[in-house]
Each structure stands twice: as structure tokens, then as C-alpha cells.
Amino acid sequence: MGLHMGEKRLGRTLLALGLGIALSGIWPAREALAGTLQEVKARRDVRCGVFPDDPGRSAIDKSGRWAGFYVDFCRAVAAAVLGNPDFVTYVEVGPETRFTSLVEKKTDVVMYSSTWTLSRESRYHVAFPAIYLFDGQGFMVRKRSAIRSVDDLDGKTVCVTENTTTHANLQNLITRRGFKTKVVFANGDAFFRGSCDAYSADAMNLAVNRAHRADNPADYEILAERISREPVSPAVRDDDAQWLRIVRTVVHALILAEELGISRDNVERQRQGRHSPEAEALLGQTPFLGEQLGLEGSWSLQMLKAVGNYGEIYNRNFGSGSPIGMERGLNRPWSQGGVLFAPLFK
């Protein structure tokens, strides 16, 4: 059946309204996508949220400069976006302010030991671009104790921080296994003073505490077992897809560089030869990735020259040559038995 004139006019009106709604959903989104990158370029600095006084992860060193695993990722973003790893303003954040600092635009990215959870994305309106550390909740004990596994915690006392997922995980373990374990709400310092038989936290947190807060780190060991999975990621606001892609690609580029054998020392030499398409993209020999991200063609080259690849970052801050001395475990490339891998750079 044909349409009457009134119906035709109504149809055209609805079509126009539909196009208007569609366009209003497209163009403001595009403006938002470019927002953080434009602001960072205009300011000539990346505001990077970090936790203060956390040696190995983020702290001011003896020379007065910020250093650590998370700091190196701040520097990597600045090198990729601005061509200079020193163009960073470090904003001190804590558990209560790490996500609000993003929403309030006090930070552009937060590099912290934040576990990626779906509820945090919804509750705080943040996004987690990529996992840069695979961690898990563990236990630290005194070597002279008889505790060799999680089963040996039955009947013992365990220190843990109150009202945290760590506390909840510990309580679930105790209930599930029927342990008669006493939970003590205290931090690592209390454990080192002898207030409990074991201390439970994310394994990297335990290693940092052992290295920098124990009188004699050699007196303590971290049990091999993990009772949770903790995928740790940078955090950004959830309203800027372009900025999220930039931070995500920075993390993945550092991971891929290690897999391909591209390091801070050999990156310039590597550029002189012929490579796979992925390596050429990473070495800045093909500029398409930078163009798609809104960055200069040399973004990855500048980043790798500044901080090296993922393995270099991990080893100097967490590895055997550092005070923390933490084995890489899962944080090795997939080709070396770990779980780190990047999407295809094509």
C-alpha cells in the first residue's frame, strides 16, 4: 500500500531525526577521542599518576628522580607521544584517589598496581588498556618456620590489610579449606615485627616489602602458591578511545619488542636491516601505526630508545639484578613459556 502525504512527511522527519541523532553520536565522540592527546600535546607533558615511596615500582631515587617499573611506563608514553621521556608530571595518588584523579582530569594515565576488574570499570568510569603485569596473591613467611605451603597455614596467624580483596580472598581460602587460621589486620611491618606467622598480599607487593622493609631480606621467602589472579594494568578514563589505544599500544609495543629481540642498545642498528612487517612497524620503517594513533612515525623508536623493551624494564626494576629479585614467571613472552603477547602489529 502507498503512503499518504502526511505519512511521507512523517517518514522524512523521522529519517532526519535519526540522522541527526546518529551524527550527534558520532561527531562528539570523535572530539572526545582526540581530547587527551590534544591536551597532552598542548601542555607538552603527560600527567602520570603514581604511588609515592614504592621502590622498584615508583619512588624518587637517591638522585632525586622518579624511578621504577611504573615510572618507566610513564616515560614510555611521554616518549611515544611527545618524543621526550622526561616530559612527565608525576602526580602522587593512592588507593582512594587513583581512579578519581582520572575522572577529575588531574591525571591522564595512572601507572599503579591496579587489578583490572569489570566492576571497577563500571563503578569508576575508567578503562584498563592492557595488562603489563600478571600477579597473584601469595604468602610470605620466615624461612626458619615450618610453613612450606598454603596447607601449613592451618592453625597459624596471617597478617592482611583489612577491607581489601586480599582480605576477602584469604577469608574464602580459610572457609573453603576449613582452616583454623587467625586473621590479623596489619601490614608488612607488623609481620616483620613478629605479629603473625605469615603475611598475605600480591606477590610483587610481598617482594617489594621484603626488599625494602625487612631488616634481613634473606630471612624470608615467598611461597610458590598463588590463591588469586591479579591482572595489573594502567588506567585511563573510559571516554577517550584514542588515548586508550595509545596507552595500550605502548604497552604492547614494549612486549613485542622483547619478543622480536629489539632492545634499547640495538634499536638503531636494527633499523638498518630488512625485517618482518611487524618489526618494520615497530622500528618506524613503516609509519602507518603512528598515523592511525595520531602520533609521529618515530613514536616507537623514541620509546624504545628511552626505556628499552619490556624485559629490560622488568629486569632492572624487579629482576635478579634488582633488590626485589623477583623471577619473571608468567611475565615472560609466550615464546619463552610466559603469557605476555601483543596483538599483531599489522
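User: In this predicted model, how many nonpolar, polar and charged residues are in the lining of the second largest pocket?

Analyst: The second largest pocket holds about 310 Å³ of space. Its lining has 18 residues, and Phe134, Asp135, Gly136, Arg226 and Leu330 are the closest to its centre. Sorted by class, the lining comes to eight nonpolar, four polar and six charged residues.

User: Which element gives the most to the lining of the second largest pocket?

Analyst: Elements that each supply at least two residues of this lining are β7, α7 and β13. The top contribution is three residues, and it comes from β7.

User: Which residues that line the largest pocket are the closest to its centre?

Analyst: The largest pocket has a volume of about 1,200 Å³. Its lining is made up of 15 nonpolar, 18 polar and 12 charged residues. Elements supplying at least two lining residues each include α5 (165-177), β11 (198-202) and α7 (203-213). Of the 45 lining residues, those closest to the centre are Pro95, Arg98, Tyr112, Thr164 and Asn205.

User: Which residues beyond four places in sequence is Phe69 in contact with?

Analyst: Contact here means heavy atoms within 4.5 Å. With neighbours within four places in sequence set aside, the partners of Phe69 are Gly56, Arg57, Tyr132, Leu133, Tyr310, Ile313, Tyr314, Asn317 and Phe318.

Key. Residues numbered from 1 in each chain as written. Predicted model: local features only at pLDDT ≥ 70, side-chain atom pairs only at ≥ 80, totals over all residues. Heavy atoms only, no water. 1 Å grid on protein atoms, 1.4 Å probe; cavity = no way out; pocket = protein on both sides within 12 Å on 5 of 7 lines; lining within 4 Å. Points joined across faces, edges and corners; volume = space filled by probe spheres on them. Helix = DSSP H or I, 4+ residues; strand = E, 2+ residues; numbered from the N terminus. Nonpolar A, V, L, I, M, F, W, Y, C, P; charged D, E, K, R; others polar.
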